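Me: Hi! I have a structure open and would like to talk it through with you. Could you start with the inside of the protein?

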Amino acid sequence: MLINIESKGLMLLRTNWLRFCVVLLVLILLQVILSGGFGFFAYMVFSIENLPDIEQPQTSRFYYHNRELMTTQFVENRTNVSLDDIAPELVWATIAVEDRRFFEHNGFDLRGIFRAAFQNLRGWQITQGGSTITQQLAKNLFLSHERTWQRKWNEATITVQLERGLSKEEILELYLNTIYYGHATYGIEAAAQLYFDKAAAELSLEEAALLAGLPRGPGYYSPFIDEEAALERQKGVLSLMVEEGYISAEEREKALTRELSINERPALSRESNYIVDQIIYQEFAEISKRDPELIQQGGLSFYTTIDPHMQSAAERLLEEGLHVHGKDEEGVTQPQAALIALEPRTGKIRAMVGGRDYQETMLNRANLPRSPGSAFKPLVYAAALEKGYTAAHTFTCEPVSLQEEGMANPYEPTDFGGGFHHRDLTLREALARSCNITAVKLNREIGSEATVEMARKLGIKSPMEPYLSLPLGSLEVTLLELTAAYAALANGGYRVEPVLLEKATDSHAETLIENSPQTVKVMDESVAYIITDILRDVLQPGGTASTAYLLLERPAAGKTGTSQAHKNVYMVGYTPDLVVGLYIGDDRENPLEETGGSLAAPLWAEFMKEASRDISSRDFERPGGIIEKTLCPETGLLQYPECTAAGQEELFIKGTEPLQDCAQEDCPHIETTPWWHWDSWWGW
């Protein structure tokens, strides 16, 4: 009985073994047919012309002016490079680990197929495909990653088309630009930058081996996730390279002893910021309208004028330098701010920040029209100097009632706080102390149209009407255009067009946009210099920006501004090499309870000092048409030698200086000589 049971057991075992062998043979044949047979059939039928166009999304990059990467925009983080721009060690490592017979087969490797068939038998489903590099490329370029018979058929036909239409080198180049290396990164160039901060051409043997091991399982072998597993995988790749004869055992050991300098895991910068938005929606608007996906997928390169140090300083200033009042109903921190820094001679924008935190609010306040307050006054004074007025011209600061056409009630301006100086002020003192009455009277005398014309000449494009209240910022302008207008005062009278984007190229390095500095002479250099000299007094004791005096250790000029009800405050100023505009305001127009002098000026000076640390300090160059005279403070005329008052030095455009001295105006500071002192007649 026992013998019978054993005999039946042996028979059953033999039967199951036969079934196993039959199933194995069938599966092997199916695998061969699927990958090889389909491939042979496809080889006879299909050609490369049947393939759809190969369009891989590529990363677009934004660069600082020094060509350092600022940020990226992408669907897939990818930068295509030629095979010649990839380190040979990476190519060898990839072939060794992915497809050791790549240069021998025609797209299908039967040895790999048999190996995969056995693994599939064990699991009774298709879990491995024994895919070659060409098959993987076919799948990555044109197919999904599902494991079905239909997908295998499609893969086989495309594989044949690729092998027939492309050289092995072209296939390898496409593959290395397509494969996934983890962390939203595709292609070896982007991977080399991500993990080692270098180009693919610069990879060492040990770096190449680590990267070549990633595509099989980037979630397991990424050094950002598990460095120990990554190094173990690297060791295996190096061993395969020895087996295939790409390197020697000695080279393998040396590579394993060299320390890898792996980047810290970055928060991959694919976020927009105020600069990116400005380029996309302003500078690049016409092109992006025609192809909305071009920036996200086109592999473009944007070369900006932004200086990384200045930009970082500006962002830090607005994030940390302002006291937080709270958040509004939309959860946005208030007050908000914006900053523009540009070169006065070229218009190149070196820093642009449109708010305290882009992730919290994407509104770019540098482009938002707001009342500039008294920061608009220098334009009025420049227009007056062009009409022959001088810095010594005087106006009385006192209550005034002005009638303007179209207004039912008279216009009655006051100085800050509602008061008046109740005395004569020169234009120099009036601008330095920001006297509203003098500015309004001056605007009326020269004609408000002249002020509007000056604003237009300096590049301000915002809507503007010739109102008497223009000097006080009654009409809104953007911080960007106001800052650019001040550039003409700093550079000797040239209007500049702000430049943020110097150049944009496509994925083939073909130029799409190229911007160069554009300057137009719009103001006499002597006018620009005298306004600048007056605005230097603004930063001195007694000026409205005197809080900046001790912070800034170089020649500078500027003007503060505070809008009606303190809703916005400004400081716009410059050195010979940098113009900086700063705006602070509440988005809901709640009053700030501070002024441009107390709030904006110190922050402006702090930024200017940090931004200019690598710029040599120099003074503004005085043009040849400027002369300097000593004036009697009582009469405003040339000081007579016998006048005992403390004389005041003043600058004039040659030909506008006073010709009379104070002796001819009965100056009280000149002692009258009695007639009987006859000896004085003879000069004794």
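Reply: Happy to. The largest cavity is lined by Leu-385, Tyr-389, Thr-390, Ile-530, Phe-652, Ile-653 and Thr-656. A cavity here is a set of points on a 1 Å grid over the protein atoms alone where a 1.4 Å probe fits but cannot get out, and lining residues have an atom within 4 Å of a point. Keep in mind that this is a predicted model: local features need pLDDT of at least 70, side-chain atom pairs count only at pLDDT 80 or more, and totals for chains, interfaces and linings use all residues. Residues are numbered from 1 along each chain as its sequence is written, and side-chain values use heavy atoms, with hydrogens and water left out.

Me: How much space lies in the largest cavity?
Reply: About 30 Å³. That volume is the space filled by probe spheres set on the grid points, which are joined across faces, edges and corners. The search of the whole structure turns up one cavity of 30 Å³ or more.

Me: And what classes of residue are in its lining?
Reply: Five nonpolar, two polar and no charged residues. In this scheme Ala, Val, Leu, Ile, Met, Phe, Trp, Tyr, Cys and Pro are nonpolar, Asp, Glu, Lys and Arg are charged, and the others, Gly among them, are polar.

Me: Zooming out, how many helices and strands are there?
Reply: The protein chain has 22 helices and 21 strands. These are DSSP runs numbered from the N terminus, with helices being H or I of at least four residues and strands E of at least two. Of the 684 residues in the chain, 51% are buried, where buried means under 20% relative accessible area, exposed over 50% and partly exposed in between (1.4 Å probe, protein chains only).

Me: Now cysteines. How many disulfides are there?
Reply: The count is zero, taking a disulfide as a pair of cysteine sulfur atoms within 2.5 Å. Cys-397 is in no disulfide, and its nearest cysteine sulfur, on Cys-435, is 3.6 Å away. Cys-643 is in none either, with the sulfur of Cys-667 as the nearest cysteine sulfur at 3.9 Å.

Me: Are those two buried or exposed?
Reply: Cys-397 counts as buried because its relative accessibility is 0%. Cys-643 is buried too, at 9%.

Me: What about His-566, buried or partly exposed?
Reply: Partly exposed, because its relative accessible area is 22%. His-566 also has a positive phi, about 60°, although it is not a glycine. You will find His-566 in the loop between strand 17 (557–562) and strand 18 (568–574).

Me: Last one: which peptide bond is cis?
Reply: Look at the bond from Gln-334 to Pro-335, which is cis with omega near 0°. Pro-335 lies in the loop between strand 8 (333–334) and strand 9 (336–342).

Methods. 1 Å grid on protein atoms, 1.4 Å probe; cavity = no way out; pocket = protein on both sides within 12 Å on 5 of 7 lines; lining within 4 Å.
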